[in-house]
Amino acid sequence: MTETAIAPNLSRAVAPYRRALADALELAIPVDAVAAEERAASLAKRSLKKDSKVWGLKLAISMMDLTTLEGKDTRGKVYALCQKAVRPDPSDPEVPPVAAVCVYPTMVSFVKSALGQSGVKVAAVATGFPSGQTFPAIKIAETRQAVAAGADEIDMVIDRGAFLSGHYQHVFDEIADIKEACGPAHLKVILETGDLGNYDQIRRASMIAMFAGADFIKTSTGKVGVNATLPITLVMLECIRDFYHLTGKKIGMKPAGGISNSKLALAYLVVLYETMGPEWMTSDLFRLGASSLLNDILMQLRKERTGAYQSGDYFTLD
Amino acid sequence: MTRNEKNRETLERLAPGPASPAVINWEYSASLESTDHVSIAPRHNLFIGGRFVEPHSKKWFSTINPATEEELSKVAEGDAEDVDRAVREARRAYEKSWRKLSGTERAKYIFRIARLIQEKSRALAVVETMNGGKPIKESRDIDIPLAAAHFFYYAGWADKLEYAFPNRNVSPIGVAAQIIPWNFPLLMAAWKIAPALAAGNTVVLKPAETTPLTSLMLAEIIQEAGLPPGVVNIVTGGPAAGAALSSHPGVDKIAFTGSTEVGKRIERAVAGTGKRLTLELGGKAPNIVFEDAPLDQAVEGIVNGIYFNQGHVCCAGSRLFVQESVAEPVLRKLRQRIGTLRVGNPLDKNTDVGAINSQAQLDKIRELVQSGTDEGAEIFQSSCSLPQRGFWFPPTFFSGVAQSSRIAQEEIFGPVLSVLTFRTPEEAIERANNTPYGLSAGVWTEKGSRILKMAQKLRAGVIWANTYNKFDPTSPFGGFKESGFGREGGLHGLAPYVMLS
């Protein structure tokens, strides 16, 4: 091993968030796919009615990272999204604002000013999102600039190529570097679970991310075939639970992509609640990455309030 | 002021809403399965010779909902006279019609029963839950669909018996006396009746004393399916009716599922009579977790193994053997998981653990749990609140259990798990087999070769690998040693109902 490869490790050893890769790999115990999927399916069968449904749906809104991540994003589009984020349903003051607006780095300063003092956070994807196939220095620079522009949260992607070829130390170091570059901003680490192949790998990647300094672990970019699923979220939450037991540190969870309706959003909250307990039922520790989910929830809430479903024309398309 | 600036100002005026509500428990609102579509007659008679007839005793006993202790209906108290009448009707139906029918014709009737069970599945699930105390999600998703599946499966065999037993002449046995338990009332009736009918036998079935209602609904289904009168007869009653049935000289075959104690009594009564006998009795199954197991899923398997149907399962994984190196995380996870089990109204769709089936069973569970505490084992119980009325017991486990403890030896038949530890696979096998029972076992490991080795060495009729309590009509089920003999389900389940020459 060369001098340069060792030196950064030594300097990083003092960072409080950075732990040992070996410990992460030790906690990467196997996951039984059949049983994990069965458990997730049984939780999805919980029947939520009346007050518990309304409470859950409002909580889901308050945990939402309202997202637009497209090449064709413009200020006009993003501005509309910010307004929706702050006041999702102007006709109902009981509906809370979402947790954050998630955009590409170039939009950060604009979103920051559009959101003003609303309390809604700005999240930026970074590190060569979504593929992560760029130079380490560029990933760090991108992260720093996004934070400098006002991002409260950085959603980074892991290097799946390195992970799948077994270079866990590389993946680990890169996450730790980005965490350092984040400064005060919170770091969400996207595992891109759809690229990882199985639950054992998802568990291993989750552990590596947490031991390297992630504040949140996140399933997906939304840009590959398989995005968040209930069993993947369950498996990742179980990792968070084990990490918390070992270190006393609470890590957040963010499923993203494919969560498009209220019923599914509630199922995610049930998985969260029955795996982690009430302490994790907060936007500090759970986020739902979604774009089209919000209107469906608003539709359901209005139905609970008025007793009747209203057509899509009564909910703004942003 | 530009429009954008104005909008921004509006946004800034809005108070920063509660980012998220304070930490509170998410109380799921009640989500009760509707009972409006179910009407239970205030009084039920015996089903003999295709008709519902009053019992000879002219007595009817009360059957209750164990979750509320309220009476659901009165059920006929069959006695030896009624049993005799039922056996004679079954014999007549056997000689006159059923044995003469072609397999294809028998299959039509059995398929019809299966379809009618599916059609009435909602009502059957609700009544099963009301009469037995099991959660509606289990009766809805497991008991009733599996009961229908058993009829479908054996209907398929009815015209293929010569392929089931190649190069043999296959003929039915005659009249089968079938006595079933209260833990899976309709499902056990299906396990018993379906293969018997497929093979060309006629049946006298005695449901358990505490859970007769779905068997009587099955009687209505059988009537509706147009089976020839007397092919299936259902005699409700207590132990006297059961004893009369198992000792009746007109019976050719006895199939019993229930306690080992009663099973032994039946075996004594049958000795020397030439009657065929199959017994599916108690169990004290080992669920063995190795250190390389997927631990979170193993915990699910442990929970499903012992708290499914309140632990009223003969194959329940009631002895947990966990490798000492992972005992700490497994028990920590288990304690946490038990805390999330929802105990309460069985009709609530979110209920995980329902009511104990009867006062007598509750007393037995309490007595054995007390013995566990007395013997020095450490008890952990869910802190869930229990309803005031009805029969309830919280999910419980004991750690620090000795192999010699009563709770490690005797079947509790309730939501009570005994946890023991082991060091090597050999020790696990030795201690797992060190029981008079041998119905089932579970093995949790990532290592395929170890699963195969354990399956060879464990003396149990059913062995689950990285899962537990999975049932399928195509798979044989039955025990070793004091867990009984004979198999139900699959091709093996036909064998006790045919004569081969």
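B:F61 counts as buried because its relative accessibility is 13%, where buried means under 20% relative accessible area, exposed over 50% and partly exposed in between (1.4 Å probe, protein chains only). This is a predicted model in which local features need pLDDT of at least 70, side-chain atom pairs count only at pLDDT 80 or more, and totals for chains, interfaces and linings use all residues. Residues are numbered from 1 along each chain as its sequence is written, chains are lettered from A and ligands numbered from 1 in the order written, and side-chain values use heavy atoms, without hydrogens or water.

B:F61 sits in strand β4 (residues 60-65) of chain B; strands (E, at least two residues) and helices (H or I, at least four) are DSSP runs numbered from the N terminus. Setting aside neighbours within four places in sequence, B:F61 has contacts including B:V75, B:E209 and B:G237, contact meaning heavy atoms within 4.5 Å. B:P415 is 354 residues from B:F61 along the chain, with 28 Å between their C-alpha atoms.

Now to chain A. Here an open sheet of 8 strands runs β7-β6-β5-β4-β3-β2-β1-β8 with parallel pairing; two strands pair if DSSP finds at least two bridges between them. Its edge strands, β7 (252-254) and β8 (288-290) of chain A, each pair on one side only. From one strand to the next, the twist averages 25°. Strands β1 (residues 64-67) and β2 (residues 100-103) of chain A pair in parallel over 3 bridges, and A:D65 has A:A100 in β2(A) as its bridge partner.

| Helix (chain A) | Strands touched (chain A) | Angle between directions |
|---|---|---|
| α11 (residues 230-247) | β6 (216-218) and β7 | about 170° with β7(A) |
| α13 (residues 293-306) | β1 and β8 | about 125° with β1(A) |

Axes are lines fitted to C-alpha atoms, for helices over the stretch in contact, and angles run from 0 to 180 degrees between N-to-C directions.
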